Each structure stands twice: as structure tokens, then as C-alpha cells.
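Could you walk me through this structure, starting with the overall picture and then moving to a few local spots?

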Amino acid sequence: MTGNTMKRVFVSLALSALLPVGLHAQEVAVGLSANQAQVGEPVQLMVTVRGARGADVPQTLEVKGLRINLAGRSTQFEMRNLKMSSTLTYTYLVVPQFEGEFTIPSFDVRIEGKTFRTQAMRLSVGGGTRVPQTPALPQNTAPLPPGQLPPPTEEGEPFFADLVLSKRKVYVGEVVPVELRFYFNSRIGGQVGERPNFGGEGLTVQKFSNAAKREQVVNGANYVVFSFQSAITAVKSGTLQIPEASLEARLQLPGRAPQGMGDFFNNFPLPQGMFTDNREVTIKTKPAQIEVLPLPKEGRPEDFSGAVGRFAMEATVSPKKASSGEPVNLKVAVSGQGNFEGMGAPVLTGDEGWRSYPPSDKFQSTDSIGFTGEKTYEFALIARQDQTRTPGVRFSYFDPATGKYSELVQEPLAVDAKAGGTTPPVASGTPGTPQAGKPAPSVAPASTPDVTVMAGGATSWTSLFSRREFLIANASLAIAWLAVVLVLTMRKFTESRAGRELARKKVVRDAFAGLKDAGPPDFYEKARDYIYLRLDAGADDLAAAAKIDSSALSPEAKASLHQVIERHGETKYAAGGSPPPSVEERQSVMSILKELEARYEK
Amino acid sequence: MKNRLALVFFLALGAFARADLLSDARARFQDGEYDQAAKLFEQSLEKSPPSAAVFYELGRALNKTGQEARSALNFRRALILDPRFAPARSALQEANVALGIPPVKQGWRTRVVERIPLDALGLAGTVLFWAGAFAGLSAFFPRGFRGGRLVAGILSLLLGLSLVLAAWLCDPRISLANTAVVLTNGGSSLRSSPADQSEKLASLPQGSTIDILSQRGRWFYGQAPGGTKGWFLTEGIVPLIPPP
């Protein structure tokens, strides 16, 4: 192994080690080298995989009328600021077998366990055979400002732009879809502006669709194409110059090795993008011109309101039944392709006996450029006389495909509308003093200045429910209601068994507490009362004695309780009375009663 | 005592001044000086509680000066204060025709407010509600439960609640609290986002009403009469109910 070979291996290994670190997010894109072909003319289908070192793709794709086989795979590496990105390109050869419109269906591409699904593509195949040729660079490629464009390389131009017009001969007011395509060689990285700049005198430009991104092979080189769709409308006849469209971009263009070092770096298999040149560029299409024809005067309907395109019309009415003065809504939908923004409303026919108002309109586009869609006009109609049919509707437009005016007619629809009007009945008023504060029985015409105004109604912008007085009154009533609820609830509780039990317990507790403060003369009486209450014996000595005997107290305690009752009898009924209880006696009684209290509290 | 007399004197003076303003405005209107009349009506409204009659007269004066959208606004205000004020309704219809605004189908709320005085309805509902609430409660008073009272109370309560709810839903001072009128010459545009260059969803002719849902800077987010929601500039958009 020579020294040079060793160096190449070393550099290659070093770069390979960087690969996993810098791989970008995975992305799969597909593109055809051409969207049109002839029978037998091969077209390339490119599947570009970014941010991966390998992918599982099908070997063949089954499409009737097309033979699609995987032809090969190529890899490109790019290094920017020590970050490595890789691009894998799988190329299929698509050979049309017969003419027709074909859809190459979406298919799965598996990358490191993840499945990505490609987009379906359309290929138009014409009859006859053609000598296969490399797709040519589009005609409208714009020359770039000197000094900005790097020299062309064998891989193709780094970038260019193309304006695709669907027609070159149009009528005033006709909407012409256009597509702006900006091609960037897939070796170039960078950022492009959000919207192109486009517009000029004598034409109006619709808003642009969002950029669609796809891959395309041009002159054997792989390009990333950003396409913007819009539509232009010529506003005057004659030859119309369509100015260039431009898009700002900040690109990382391939650069060259430093001067004098080219030979050295040429010895290594260096990744593309090793040397990059950052530039801000403006990519422009070439100006184009179209011929704008005036709308013919012959055959122009009187009610023609500027609609140019191809349209259909249908109408509905609601409600089908309207009471006096109630409006009927006639909804007219004009659908198709054309200048929806510039066209006027359909006209009503046979609308005598109806009061009509200028219609409201609403446009619903079915594409991104407002070329195809449906515009709905809503006519509010009020019957002057009883009506069984709505007015008819007529819509005139110019069809650029035939070069003639056309007319759409909607016959009247069935409806049952009673007569009514906006003009109020006139009533006389008394000139002079205003009479505010009364209801409004009188009706006065608005146009008569000397009419007394008679109106009642509110004198505040605050509704009744937000007024302070109303809120205070209701809050007071709510509080009163709650208070009554509370009283009733308490009363109910007091009368209930639980309430009574609670009350009795309180009385017993109070009686026991009262014993402590009872004076010597009252002590036995209060003690006896407590025993009666605690045993729930009423005021009957016999019943109390029976309760004591049947209680679970100890025999000593029972005896002591009997003794307390007897002592009470003595103090109350014995002649000469009984001596007051001593302190010891009192303590003894209290301890027995405490035992009784403790047992019954449980 | 002297202070009280002074207060009464000043209050009476203020009332006379307002009455003079209104009389003067009406006299100017009769003489065909509609601009002056409109100014005086506006001054009177600034100094007095709002009145459906004065808003209506202001609307007529503005109508005479060719200010259709502003006159329609004042007719609407008159109708908010007094939904049964037929002249204001007719005048609004005529102003809308002149502005090219199609009539809106009358909903049940409009039908209710055209026939029934809302405050009376709300008060009646409130009385019935509380009568029912207390009657229901009385069923639980001592001397035994009375089922009849409870049923009558509940029915009265529910009826009262329904009336209050109807009055609350129909009251234009509540339902139109977030509604505004386009006064800009040439109308306004409803856009898909709060940016001048965003997609135009619908045109809002001068005099049309919009329900405002929110505001972001100089943009309102709201709903057009057709139900389309979008953004429109705040310039020239005046709330139907004047801010306090």
C-alpha cells in the first residue's frame, strides 16, 4: 500500500465516522423526469431518500400499460459545517407500453424500520414512438445576473426558473392558470422565499398556492422543483407583456478547493459540499407575452355582467311557504371555472310583484387559486302580492373555449308567499307635545317630520335582570326563603325522634352538671331527678326502682342508687327533716352517679 | 333646608334645560334644519337617560341629511329600547332598503318582543317564581303536609322561571350586547385572518350588523349575518348599545 493510498483510506474512514452524527431527518421524495412521454420512450422515476444510508424499495412496480423496473441506486454525500447529509437516489425506468393516462400509485419505502409512503404520479403517454431523448432545459430559463451564477458544471445548472402558461391567446377577463417553477440542483442546499414576486401592468394576479416540492431530472441532473400556482387575468386587449417572476433564495452553492490545494483534494474521495459558497440570489423567469383579445360585441346579452369562463347554475328557494312580509330566500349557485371575483350576479326575470334586494354572495373555491369553485348568490324577496312562483333567474357569460356568449336560465320555482311590504301603515299623530313613557299604539311614517313621536320602552341600556334594585330584591327574597327553610328544618328535627333524644340527652347532661352546684338542701332532690332522667323513669319511684334493678350496674351501685332515692324521701317527708349530706356522703353519691353517667353515655 | 331648596332648584333647572334642548331640536327639524336638529338630539341624549323616541327622532334627522347608515343605527337603538316601537321598525326597514341590506327573517325573539313588554314579562315571571317558591315551602309548614300547595307552588315556580328565561333570552339589551354596525363608507370586509392582505371572505355593506366575538389589536373577530366568521377592521364599527 502506497503513502497516497494510506492517506485516502484515513480520510475516508474519518469522514465515515462523522456520518451517523450528522445525518439529517429522513425524507422521501419521488419525481418523474417528464410527465409526458410517447409509447416506448423511457422515463425515469427517481426516489430520493435523504437522511438515511439505505432503504428498502420495491424492485418493480405493477402498472398496466407501463413497465417499471429498478435500474440502479446512487449515493451523494454533502458536508456543511461539519454536518454530513446523504442523498440516496433509486432510479426506475418507466417504459410505456401503450398510449393513455396512467397513474403510478404510491408505494412504500422502508427506512430503518419506518415506512414512508410516496405520492402517486400521473404520466400521459401519447401515440406513436419517439426517439428517446434527454429532457431539455425549459425554454424560459432566465439568465442570472453576471457574477452571481457559478459556472455551469457537468451536473447541470445550479438553479433556474420557468413560467408555464396554460394559454397564449386569451380574452379580456379570462382567468389563465399559471405555474411558476423554480429548479434547484439537488446538490444545492439553502432556503427559498415563501412567495414569488409577480405582477404587472394590464393584468391581475390571484393569490399564490403554497409551494409544492418535487424532484425532477433535467438534462440528466436531479433537481428539486418548487412550483407555485396562480392565475392571471388580462384587463385590456392587445399584446400583453408578462413580466418576469422572481423568487429570493439563500443558497449554499458548491465551491472550489482553495487555490493551489485543488490537486491535493482531488486525490481523495471527498464528499460533495465539502467547500460551499453561501449566496443570496434572485431567481427569475423570462418575461413572456400573451395576446389578449377583446370580448366580442356581437351577441353580447344585455345582462352580461363580465363573467368569463364555463359555468353551470342551479337555484333553490327557502322557505317554500312565507307568511305576510316574511322574506323568501332564493339561493342561486353558479359553479364552474372562470373569473369568479370579477363577475356580477345573475339577474331576476319576471320579478314584478316581488320586492327584491341586492343579493349577498359567497365564493367557495375548490382549488388553491380561486379558478374553480362555486359562487352562491342569495336574493331576499318579499312578495308584493300573493305569489305561487319565484322570479326566474338568468345568467350570461362569455365562454372563451367557443368564443361565444352563453346564457343559463333557471325557471321560476314553486313557492307560497303571502303579500306584505316594508311600507308601514300610516296613522295620524298629534303635532306638538311629545308623549314619551306611553306604549306605542300609533304608527308614524318616518318621512313625515311633523309627527308626534309616541314611544315607551326602557330608559336604560341595562336590562331588568342586571339592575341593582332587581338583584337586591331577589337576593332578599332568596335569603328570606332560605331562612324559612332553615326554621322549618330545625322544627322538623326537633320534633323527630332523634331530635327528642338529643334534647333529652341535653337535659340529662344539664341535670348532672347542676348536681355539682346544688346546695345541701337540694342535693338529694337533684340527685334523684338525675337518676329518674338518666333511667328515663318519669317521676315514679317504683318504676325507677325497677329500672335500677334491671340495669347492668353492680349490686353495690344499685344499692347506693336505692339509698339516694330513700335519702331524698327522708329529707323531704321525714318529720324534722334529715341532716344535710356530709362532704364524704356527697362525694360517694357523686362517684356512683358518675359511674351511672359513664355507663349510660356509652 | 336652604341646601335642599337649592338642590331642587338645580334639578328643576336641569330638567327644563333638557326639555328646551329637545323642543329646540324638534323645532329645527320642523324648519328643515336637519343637521342642527341632529346635533341637538345628540346633545339631549348625552344629558338624559336613553329614550326610544329621541333615538328615533335623531335617526329621522340623520336620514334627512343623507346619513343612512347612522340613521339606521339610531333606529336600531330605538328598537332596542322599545322593540314595539312600530315607526322605528318601519324607518329601519326603509333605511335598510336604501343601504341595500336585505331584510332578515324575523325570529321568534323578535315576534315575542314585538307583542309583549319584556320588563313586565320579566317582573311577572319573577313574582310567579317567588310566589311558587314560598307556596311550595308552605306545604311543609306545621299542621300537616299539603300536597296541593306543593304542586301549585312547583307549577307557579316553573311558569315564573319560563317567563324570566323568555324575557332574558328576548331582551335585545342582552342578545345584542355584542352587536355592532358597520358605518364605514363603502362597508367593511370580512377576512380570513387579521391581516390586510388575507383572504376576503365576504363584504359587509355599510349599515350591516356584525356580532363581535373578540378583539385583537385593530381587528375584531366576529360573525356576519350569514353566519360567516372572520376578521374585520375596528375602524368605523360602532357598537349597537352605546358604551357607558
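Of chain A's 602 residues, 27% count as buried; keep in mind as you read that this is a predicted model. Chain A holds eight helices and 32 strands. If you take its contacts with a separation of 6 or more, 70% of them link residues 24 or more positions apart.

Is A:F159 buried or exposed? A:F159 is buried, because 25 other C-beta atoms lie within 10 Å, and the cut-off for that label is 20 or more. Setting aside neighbours within four places in sequence, its contacts are A:Y183, A:F184, A:N185, A:I188, A:L251 and A:I283. Take A:I188 from that list: A:F159 and A:I188 are 29 residues apart in sequence, yet their C-alpha atoms are 8.7 Å apart in space.

Apart from residues up to four places away in sequence, A:Y183 touches A:F159, A:F160, A:A161, A:V218, A:Y223 and A:V225. A:Y183 also belongs to the largest nonpolar core, a set of 83 residues. Which members of that core touch the most other members? They are A:L45, A:V47, A:L123, A:L180, A:F182 and A:Y183. There is a second, separate core as well, with 45 residues, including B:L81, B:F85, B:A91 and B:I241.

Now over to chain B and its helix 7, residues 118-138. The helix has 21 residues and spans 30 Å from first C-alpha to last, close to the 30 Å expected at 1.5 Å a residue. Its buried residues are B:L118, B:L121, B:G122, B:G125, B:T126, B:L128, B:F129, B:G132, B:A133 and B:A135. When you look at the spacing in that list, remember that an α-helix has 3.6 residues a turn, so residues three or four places apart point the same way. What do the buried residues of helix 7 of chain B pack against? Within chain B they meet helix 6 (108-115) and helix 8 (147-170), and from chain A they meet helix 3 (468-495).

Last, some strand pairing in chain B. Strand 1 (residues 179-182) runs antiparallel to strand 4 (residues 209-216), and three bridges join them. In that pairing, B:V181 stands opposite B:T209. Strand 1 of chain B also pairs with strand 7 (residues 237-239), again antiparallel and through three bridges. Here B:A180 stands opposite B:P239.

Terms used. Residues are numbered from 1 along each chain as its sequence is written. Chains are lettered from A and ligands numbered from 1 in the order in which they are written. This is a predicted model: local features need pLDDT of at least 70, side-chain atom pairs count only at pLDDT 80 or more; totals for chains, interfaces and linings use all residues. Two strands pair if DSSP finds at least two bridges between them. Helices (H or I, at least four residues) and strands (E, at least two) are DSSP runs, numbered from the N terminus. A residue is buried if 20 or more other C-beta atoms lie within 10 Å of its own, exposed if 12 or fewer, and partly exposed in between; C-beta atoms are placed from the backbone. Two residues are in contact if their C-beta atoms, placed from the backbone, lie within 7 Å. The expected span of a helix is 1.5 Å times one less than its number of residues. A nonpolar core is a set of buried Ala, Val, Leu, Ile, Met, Phe, Trp, Tyr and Cys residues joined through C-beta atoms within 7 Å.
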